[in-house]
Amino acid sequence: MSVLSVLRITLAKDLRMEWRSKDAINSMLFFALLVVVIFSFSFDLTADESRQIAGGLIWVALLFAAVVALNQTWARELRNQVLDAYRVSPAPAESLFLAKTIGNFLFVAILELLMTPLFIVFYNLRSIGPVYQLILASVLGNWALVVNGTFFGAMSIRTRSREVLLPLILFPISIPALLAMVGATTSTLTGEGSAHLSLVFLAVYDVVFTLLGLFLFETVLQAE
Amino acid sequence: MKSKFAIFALLTFVLLSWGLYQALVGAPTEATMGQVQRIFYYHVPNAWVMELCFPLNFLASIIYLVNRKAAIDAFAVATAEVGVVFCTVVLLTGPIWARPVWGIWWTWDARLTSTLVLWLIYVGYLMLRKLSTGGPNPVLAASFAIFGCIDAVFVFMAIRWFRTQHPKPVFAGGADSGIDPRMMHAFLINLLAFTCYGALLVWIRYSLERTRQKVDEAHAMKSLLHQEARSSR
Amino acid sequence: MIPSSENQVPAVALEQVSKLYGRFAALRMLSGEFAAGRLYLILGENGAGKSTLLRVIAGLIHPSHGKLAILDSGDLKTVRPQLGYMAHASMLYDELSGRENLAYFAALYGIRVQATGDRAMRTVGLDPELDRRVGQYSQGMRQRLSLARAILNDPRILLLDEPFSNVDIGSARDMTRLLGSMRDSGKTIFLVTHQPALLEGVADESVYMSAGRIVERVQHRASSATLQAAEAQP
């Protein structure tokens with residue numbers, strides 16, 4: 001039984017469940033909306049200023065919102081102890097990790113698509129640099145958040161404190177990726193400096209942590 | 001074991017006292033920074049001990065995942081906790097020096113920022129350990145430590161590359177331009193003293209954790225062997 | 001029915017197996033062999049370690065000390081396809097229908113045929129066409145579906161943790177009959193229950209546990225190996 005076939009069927013199952021309940025997407029969207037609105041109330045900005053800080057705000061909002069979705073996807077596996085059914089089966093652990101990561105990636109991508117117009121309206125944004133850099137940054141940044149988030153979600157859900165722990169361990173680890181995402185976004189929005197270094201950095205970060213997650217996931221899944 | 005520990009503790013105490021004397025009296029007062037420069041004799045050795053502790057924690061975590069020996073896990077806890085303590089001291093002594101010299105408590109320069117992020121990562125590690133007691137604690141902690149240490153490499157690169165727009169504080173005088181040999185002397189003694197001090201603390205914390213593990217094991221063995229202890233109640 | 005050579009290998013062999021949680025010993029030095037093709041009842045009061053024993057055999061918990069061999073293999077990973085495990089919780093997704101649930105879990109065993117899940121559902125007396133999410137199932141139906149999930153991969157060893165809790169007496173009798181016929185077809189079944197009366201006449205052996213130990217094993221029927229031996233000598 002191949003890693004890919006179990007991956008595909010697990011991802012399809014997750015998407016179907018999310019399509020029916022829409023728990024993760026709804027709570028994530030509303031949460032992100034709240035963050036954006038509260039931020040724009042808290043700062044009174046001119047167009048130039050908002051271009052300077054919007055990159056930071058977008059990613060912080062996404063990071064907070066992603067935590068909501070990440071916790072939901074694992075909480076679903078814990079209900080009725082379904083995760084044990086996966087653990088007793090011969091299905092490879094890597095498939096579960098990748099399926100969850102891709103699922104979360106899609107959720108956060110939808111969030112990005114819906115948030116971008118919101119940001120443009122609320123913060124009067126217009127990109128001065130090339131737009132393709134923004135797209136690249138959102139894809140690579142998204143993956144950087146969810147790959148670690150999915151791994152740590154599987155860890156924190158198994159502990160006594162459940163959901164509380166995830167942000168405590170995910171945020172510090174995500175700081176370098178966050179710096180690169182914000183760097184790429186800001187330099188594209190303001191047209192100052194090059195985003196290339198940040199994008200390469202993010203790509204390397206993504207590859208390293210995806211491999212590390214794949215390598216250690218079975219250990220964490222079968223830990224007791 | 002006990003006598004070795006006593007000798008080592010005594011040696012550390014002597015070194016620390018001597019280091020204190022050298023730092024406060026032996027070394028001359030720095031020309032431009034004044035008395036406050038003397039905090040360097042503590043600040044830098046503390047940073048050094050911290051930089052020793054975290055890689056040791058990384059190594060211990062990898063070894064633990066391979067052989068699952070409780071003693072290795074105890075060592076990982078010890079190095080992480082001592083590392084966080086020394087890191088805290090670094091973060092506290094830095095601003096004390098920076099305020100009179102730079103005129104500000106804090107600046108987001110590369111070294112300060114990366115130390116702070118490192119501190120956050122390892123406090124996260126300790127939180128994970130604390131919040132997952134009774135569960136799959138050591139395995140999760142070891143996995144996280146590996147993530148944390150690899151992440152630290154990215155932290156250093158990211159901060160160097162992406163946060164350069166911030167003002168770099170100017171070193172008054174420049175400590176690297178011809179240090180007084182007495183200063184160097186005081187610094188080296190303190191470096192040695194604090195390394196011993198760090199090792200001593202790791203040793204103490206390690207034996208404490210080992211004792212705790214052994215007490216738990218003994219209790220478990222007792223409950224394994226005497227079934228009446230529980231079933232009769 | 002099945003070659004007797006297969007019966008020679010014990011389904012589960014325990015050697016001084018202990019499980020410690022901190023200072024608490026959940027299992028204390030369990031030893032013993034469990035021959036294949038038999039139905040074992042595991043009995044005892046709450047906290048005696050019954051569920052822990054099943055989870056150790058299922059490979060969900062690693063013993064702190066001692067050795068465990070399943071189907072003569074010490075590597076529990078390789079025997080996973082041969083195990084079926086039904087826990088106290090349903091281990092099903094409430095948001096999916098019964099058929100969708102089984103299709104997913106079958107895929108985890110590399111089974112991609114719809115018919116397998118449908119057959120398992122019919123075996124336990126559920127209608128595969130039923131278009132209802134598991135969250136809306138009655139407790140009895142959920143237990144049946146949970147059993148269907150455990151037998152999807154046609155396991156040689158079946159581990160059942162209180163399959164009759166909250167199940168009406170009729171459903172329980174159906175399930176008992178089914179388990180009896182599965183045992184007759186050569187499967188080894190370990191069943192934790194508080195209602196041993198339900199399995200009277202079906203169970204081969206009762207294993208009594210107390211405070212993490214196996215305190216007594218009572219044979220209700222001789223093992224097939226000893227029966228065959230007895231038949232061979234007129």
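This is a predicted model: local features need pLDDT of at least 70, side-chain atom pairs count only at pLDDT 80 or more; totals for chains, interfaces and linings use all residues.
Visitor: Before the sheet, what makes two strands pair?
Guide: Two strands pair if DSSP finds at least two bridges between them. Strands (E, at least two residues) and helices (H or I, at least four) are DSSP runs, numbered from the N terminus.

Visitor: OK, the open sheet in chain C. What's the strand order?
Guide: β5-β6-β7-β3-β8-β9, six strands with mixed pairing.

Visitor: Which are the edge strands?
Guide: β5 (83-86) and β9 (213-219) of chain C, each pairing on one side only. On average, neighbouring strands of this sheet are turned by 15° against each other, direction ignored. Axes here are lines fitted to C-alpha atoms, for helices over the stretch in contact, and angles run from 0 to 180 degrees between N-to-C directions.

Visitor: Do β3 and β8 of chain C run parallel or antiparallel?
Guide: Parallel, with four bridges joining β3 (residues 39-43) to β8 (residues 205-210) in chain C. C:L43 has C:Y208 of β8(C) as its bridge partner.

Visitor: Which helix packs on the sheet?
Guide: Helix α6 (residues 139-151) of chain C, which touches β5 and β6 (157-161) of chain C. Its direction makes about 160° with that of β5(C). Contact means C-beta atoms, placed from the backbone, within 7 Å.

Visitor: Switching to C:L30. Buried or exposed?
Guide: Buried, with 23 other C-beta atoms within 10 Å. The cut-offs on that count are 20 or more for buried, 12 or fewer for exposed, and partly exposed in between, with C-beta atoms placed from the backbone.

Visitor: What does C:L30 touch?
Guide: Leaving out residues up to four places away in sequence, C:L14, C:V17, C:L53, C:R213 and C:I214. C:L30 sits in strand β2 (residues 24-34) of chain C.

Visitor: Now chain B. How many helices and strands?
Guide: Seven helices and zero strands. Of the 233 residues in chain B, 35% are buried.

Visitor: Why call α5(B) largely enclosed?
Guide: Because 19 of its 26 residues are buried.

Visitor: What span should α5(B) have?
Guide: At 1.5 Å a residue, helix α5 (residues 137-162) of chain B should span 38 Å, and its end C-alpha atoms are 35 Å apart, which agrees. The expected span is 1.5 Å times one less than the number of residues.

How values were computed
Residues are numbered from 1 along each chain as its sequence is written. Chains are lettered from A and ligands numbered from 1 in the order in which they are written. Two residues are in contact if their C-beta atoms, placed from the backbone, lie within 7 Å.
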